Amino acid sequence: MTLLTTSAGPTPARPSRTWTEDLLFDPPGPRARRRIRIATAVSLVPLGALVVFVGGQFAAHGQLAAHQWRPYTTWPILHYLLVGAGNTLLVTAVAAALAFPFGGLLALMRLGRSAAPRVFARGYTELLRALPLLVLLYLFLFGLPQVGIHLPPFWQLVVPIVLTHAAVLAELVRAGVLALDPGQGEAAQSLGLTHWQSMRHVIAPQAIRRLTPALVSQLVRLLKDSTLGYVVSYLELLHRARVLGEYNHTVLSAYLVAAAAFVLVNLALTTVADRLERRL
């Protein structure tokens with residue numbers, strides 16, 4: 001179905017800024033941009049000095065020596081880390097496949113007209129957003145066995161991540177829907193569409209398009225939360241790097257290699273988000 005517009009005519013073209021930027025602050029003027037550049041340059045000086053100092057301390061204690069990095073150029077070590085990276089991506093993919101639809105369903109329940117689903121969705125999102133993910137992981141790790149429920153480490157990690165991120169995604173989707181022009185829903189209902197038909201065919205497609213970069217950013221957060229696999233003894237990338245570092249006495253280099261892998265994956269996701277934002 002073609003997206004509806006209000007009787008005032010089609011919406012004029014907007015500059016390449018996200019809707020969250022429009023809501024939160026006005027664009028800075030020439031003086032403000034100049035002050036921002038100066039403040040950025042000034043702040044980079046102590047940051048650069050700190051990096052040089054820390055690098056010097058690492059070099060003085062032999063942490064940057066070649067033998068600290070040589071193990072991570074051999075195939076057995078790289079294969080061990082690549083399996084961990086695959087486990088990390090698997091957790092991320094499964095958790096995202098479950099959390100995104102569940103979060104969208106919670107958002108629709110909060111936006112619905114029935115009181116009971118709306119109260120349930122609100123209570124769920126408020127509780128799960130306030131509860132730290134680490135606490136939820138410990139509840140699954142120690143609490144479920146007390147009632148006779150034994151989950152594999154994979155699901156002990158995935159389920160708490162899904163429950164937590166679904167609550168965040170629900171609020172994100174709800175905010176995106178409420179940020180749309182109310183005239184869209186009114187125009188759809190004036191054509192005889194029900195509340196859910198207008199939500200499905202008119203409101204939701206526009207909200208999802210606007211939220212796509214934010215949803216990709218939430219996927220990045222989900223990827224980083226997978227590093228809590230050590231709590232349930234799931235050998236994802238960071239946990240395997242920790243094991244290698246302690247075994248080879250190269251803790252710093254192991255963590256730096258893992259950090260570089262996470263940076264590369266996050267940069268790829270950020271690039272995808274930027275391209276989607278430009279296209280939409």
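## Ground rules

Since this is a predicted model, local features need pLDDT of at least 70 and side-chain atom pairs count only at pLDDT 80 or more, while totals for chains, interfaces and linings use all residues. Residues are numbered from 1 along each chain as its sequence is written, and side-chain values use heavy atoms, with hydrogens and water left out.

## Overall fold

The protein chain has 11 helices and 0 strands. Helices here are DSSP runs of H or I with at least four residues, strands are E runs of at least two, and both are numbered from the N terminus. Read along the sequence, the pattern is simply α-α-α-α-α-α-α-α-α-α-α.

Of the 280 residues in the protein chain, 34% are buried (under 20% relative accessible area; exposed is over 50% and partly exposed lies in between, with a 1.4 Å probe and protein chains only). Take the contacts (heavy atoms within 4.5 Å) between residues at least 6 apart in sequence: 75% of them join residues at least 24 apart. The protein chain exposes about 16,700 Å², and carbon and sulfur atoms supply 67% of that; accessible areas come from the Shrake-Rupley method with a 1.4 Å probe, and for residues only the protein chains shown count as cover.

Asn 87 sits in helix α4 (residues 75-111). It's a buried residue, with a relative accessible area of 18%. Its side chain reaches the backbone oxygen of Leu 235 at 2.9 Å.

Leaving aside neighbours within four places in sequence, Asn 87 is in contact with Tyr 234, Leu 235, Glu 236 and Arg 240.

## Salt bridges

The structure holds 4 salt bridges (a side-chain nitrogen of Lys or Arg within 4 Å of a carboxyl oxygen of Asp or Glu). In helix α5 (residues 115-130), Arg 129 and Glu 126 lie 3 residues apart, about one turn of the helix, and their side chains pair up at 3.4 Å, N to O. Both partners are partly exposed: Arg 129 has a relative accessible area of 41%, and Glu 126 comes in at 38%.

Helix α10 (residues 237-248) holds Glu 246 and Arg 242, 4 residues apart, about one turn of the helix. Their salt bridge is 3.4 Å, N to O. Glu 246 is partly exposed at 48% relative accessibility, as is Arg 242 at 35%. Elsewhere, salt bridges that share partners join Arg 110, Glu 171 and Arg 174 into one network.

Glu 171 is buried, with a relative accessible area of 13%.

## Nonpolar cores

A nonpolar core is a set of buried Ala, Val, Leu, Ile, Met, Phe, Trp, Tyr and Cys residues joined through side-chain atoms within 4.5 Å. The largest one has 30 residues, of which Val 91, Leu 137, Leu 157, Ile 161 and Val 177 touch the most other members. Helices α4, α6 (133-143), α7 and α9 (195-225) each supply at least two residues of this core, and α7 gives the largest share, 8 residues.

Not counting residues up to four places away in sequence, Val 177 touches Leu 111, Met 199, Ile 203 and Ala 207. A second, separate core has 14 residues, including Tyr 72, Ile 77, Leu 81 and Val 220.

How values were computed
A polar contact is a pair of N or O atoms within 3.5 Å; within protein, one must be able to donate a hydrogen and the other to accept it, and residues adjacent in sequence count only if both atoms are side-chain atoms.
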